[in-house]
Protein chains: 2
Amino acid sequence: MHGLMMSMPMTIGSILEHAQRVFGSKLVVTRQPDRSLHVMTYRDLHTRVKKLANALTALGIQPGDRVGTLGWNHHQHVEAYFGIPEMGGIIHTLNIRLSSGQLAYIINHAEDRAILVDGSQIPLLEDIKDRIRGVEHFIIWSGADQVACNLPGTIHRYEDLLDEADASHECPVRDERAAMGLCYTSGTTGHPKGVLYSHRSMYLHTMGVNQANAFGLTERDNVLAVVPQFHAMCWGLPYGAALAGANLVMPGPFLDAASLAELLHDRRITVAAGVPTIWNSLYHELKRNPVDISSIRALIVGGSAMPRPLIKAYEQELGVNVMHAWGMTETSPIGSVCVPLSRHRDLDPEAAWDVKARQGPPVAGVALRIARDEEEQPWDDRATGEIQVKGHWVASQYYRTENVAEHFTSSGWFRTGDIAAIDPDGYVRITDRTKDLIKSGGEWISSVELENTLLSHANIRETAFVALPHENWGERPLAVIVPHDRNEGISLQEVRRHLAPKFPRFWLPDAMALVSDIPKTSVGKFDKKVIRQQILKGELEIIRE
Amino acid sequence: MHGLMMSMPMTIGSILEHAQRVFGSKLVVTRQPDRSLHVMTYRDLHTRVKKLANALTALGIQPGDRVGTLGWNHHQHVEAYFGIPEMGGIIHTLNIRLSSGQLAYIINHAEDRAILVDGSQIPLLEDIKDRIRGVEHFIIWSGADQVACNLPGTIHRYEDLLDEADASHECPVRDERAAMGLCYTSGTTGHPKGVLYSHRSMYLHTMGVNQANAFGLTERDNVLAVVPQFHAMCWGLPYGAALAGANLVMPGPFLDAASLAELLHDRRITVAAGVPTIWNSLYHELKRNPVDISSIRALIVGGSAMPRPLIKAYEQELGVNVMHAWGMTETSPIGSVCVPLSRHRDLDPEAAWDVKARQGPPVAGVALRIARDEEEQPWDDRATGEIQVKGHWVASQYYRTENVAEHFTSSGWFRTGDIAAIDPDGYVRITDRTKDLIKSGGEWISSVELENTLLSHANIRETAFVALPHENWGERPLAVIVPHDRNEGISLQEVRRHLAPKFPRFWLPDAMALVSDIPKTSVGKFDKKVIRQQILKGELEIIRE
């Protein structure tokens, strides 16, 4: 027997409808390329979103078509977040930091029919113009006058299209499982893979992050989204802020610490979200040039783990509460949020920072386990396993890609590739990425734990551990080390002696390489892919026992 | 094109699964009939719910069958909230305060196959045993030994059934639109009408009330549900607490103010929910016998409006924050919650209490308007209209009842029968019930506003306004008055003079009746149905101009 409740599809449009009706005078604030602030209400947003939906329809875009976006965080990009799904289209956020090869690949793989683009990002498309001939329309958000636009297809000015469009539009989406967003994620191997979000999954994700146990956005919040809109749906913040009626503040292209500090202060930000490197720069900026940012109730950090010393420094020196979140493109992205528990209330500060350095418990709507393949591991904070998730906003497959065992377990859990322990309170502690684990004789060795311990040695500036293929054990750990004093150096024996008290004997490295520099990715993480290539090419001088 | 996200049904079972996995050691606390406290964890609850599901299945209950519950708030009733839907059944909560005729009617209308019942409530069923022969099983929760049970059908002791049942059970519900709950509501006319909730609607309601903009329950909350479990799904608190990992505290049969004060203090309650009469008694108790209840962050009040003086007294004298909520059985029930807005932050106390006396903005997931039939009214805090709602957890029809225009507008809005104004911030202010409005010459007259104003007259103790049929105007207001001093009395001229400065001329009553007592319902509201009958029967002496 079916319940007799109203059958209403959960759509992106209904989020904006709520914002407009109930919180119509709350604001979306954008720092524009000329550094001035653009301020609009949700009522304005609603009007422009309807116009955008009509404008795209007038260009021949059909429900189900993909429309790319290439730009910074600003109100026009927020309009695209709502306006493309509003007319049934799928917003495909393009990462401005991709290589031109990757960018061309994902535009073609998604078959984007139109792309909305910042004037400043047009050169990225011009670089690949001969490879993206399928794109019929380029719609220039801003700075359209300043650029000599050399692109195939039809060129439009965004504001012209909106000027000509009608403000009344009825959303055609009746099926809440219809796709509304597409975001590609780069793996360690092969092409980027696309995650195709539905109206339903994104609506539930929005309800999920707005739970008081998660980000808990309310009308009283001023939310600064430093995380780019081209990263995993901006962690759900544009939708969450709208549903909660929070003011949404967008930094435009100005992600430097001084600009962010100014926004935090001037807009009395209560919730700000970004990656650790951003907050690291901000911390140093605030130490140099203090401003009052006491309005912040949660400095949300995700993308990778924030080091505990930085969490402590924020709280102790700046009075700012750091809130860890964990997730990935495949989880829409929020999987866990580190909100304090009742039993954390009376912890001494050091213990409280230990908790805050964790990634927290799964949010309601996400089931999470740690497992080795299908073998679930206990929540005792000792056993580790791969984080595997199921949930209303977790991908069930990649776009136009066949599922393989690397992505999903046979019982249907999504394999995140992150390795973690979970404490009895359900608090996740990420220890590694699967690909950074070293598997010796069938046992896992954590490169991250070895690195963190070895780093405390007086003569070691940087160190990364990678797997060295081994005939007998499969893999053995190799310590790649940058000594403080190159002349003095360090012996393998000394390295092993330093690690021995903390780890089982088989974890201790039998080989090391002394280098002057460890290769890093664009976001400052060790690029172990490059180190492995250096090993294969014999570019590292390996010292063995 | 469909999104490629996991397709998981939103079920009641998944709420408990989350509670058990993530918050397994958090508590459900019950004051038992002998006044002792029963304490169990969500892990225990999970086990007993699975056993209950198996026990019901073993009795032959099938998915889709209705299972009644008749009892106070306690852990066994919480087990029923989860256990009946867990096996695909529909929990039908029976109101212990119904007349025997109504009770028999709804048991038969729902075709309950089994009823779970407190030992203390068995006499209610014995009274109607010959009229409920369709019920095959009676399952006695507690006190089964003390009562001589004289009921048809098979009698079981609840604990015996659980003892015999297996603790492993797989929920058969795959379709989230399957029904999970049934609650009847008594209207002014005709039989009680049933509202049939689905797993989907109740899951979304749970996510809705746990939004930080609504009740915002978290793991740090201790929730006291004073609102009975037989009232509108206990305002969603058992499900909300479980999903958030809050401790849930149940008062059993002890709803007297002293017992509640003790629980509030001893269990450090942070969120308590009940009707105004309960909180009125509690206030007087706390004034007489002060206890520290500073743990409360929200004293939620619903069912009817709490008078502003009581809200003020709670805050000013007891330091307790009152949070108004509005809804009804047909809205699962939460429709609006009065959380403060950013712009309320700097209000002076008097203005803040004005805000708190309102019912707040609609929660995310509910669309709300005020309208006269289909004509929507502006949100200017002056225009009034009937509150009409749509939403994921709003009824689309009554159970086995044909929809009529009285229930739904032609464009599909549910007609709540409550009359309200809405301010530009979206804050609802209930002014009347439709049935309490007086319609004179096509214009509405608010009985509530007249009552509130006339009550300030020195020689008036109580007053209720009802409609008097009028040949020319349709209806005209009749003031029914209890004077303080019967001998002194009051003249109609004096009544009109007192009201004249605040209301249009046509609002002023042309008739009154002086009485020694105004009939009231079981919850202390004026029973205008009875007053109207007194008028029809000529039992009131009506004084005219």
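Phe82(A), Phe215(A), Phe82(B) and Phe215(B) touch the most other members of the largest nonpolar core, which has 192 residues. Such a core is a set of buried Ala, Val, Leu, Ile, Met, Phe, Trp, Tyr and Cys residues joined through side-chain atoms within 4.5 Å, where buried means under 20% relative accessible area with a 1.4 Å probe, protein chains only. The model is predicted, and local features need pLDDT of at least 70, side-chain atom pairs pLDDT 80 or more, while totals for chains, interfaces and linings use all residues. Residues are numbered from 1 along each chain as its sequence is written, chains are lettered from A in the order in which they are written, and side-chain values use heavy atoms, without hydrogens and water.

The table covers the interface of chain B and chain A.

| Item | Value |
|---|---|
| Residues in contact (heavy atoms within 4.5 Å) | 77 of chain B, 77 of chain A |
| Buried area (accessible area, 1.4 Å probe, lost on being put together, summed over both) | about 5900 Å², 56% of it on carbon and sulfur atoms |
| Salt bridges (side-chain nitrogen of Lys or Arg within 4 Å of a carboxyl oxygen of Asp or Glu) | 4 |

One salt bridge joins Arg21(A) to Glu376(B), with the closest N and O atoms 3.1 Å apart.

The elements that give two or more residues to the side of chain B that touches chain A include α1 (12-22), α8 (237-244) and β16 (366-372) of chain B. Helices (H or I, at least four residues) and strands (E, at least two) are DSSP runs numbered from the N terminus. α7(B) gives the most to this side, with 6 residues.

By class, that side of chain B has 41 nonpolar, 21 polar and 15 charged residues. Asp, Glu, Lys and Arg count as charged, Ala, Val, Leu, Ile, Met, Phe, Trp, Tyr, Cys and Pro as nonpolar, and the others as polar.

Key:
Buried means under 20% relative accessible area, exposed over 50%, partly exposed in between (1.4 Å probe, protein chains only). Buried area is the accessible area (1.4 Å probe) that two parts lose on being put together, summed over both.
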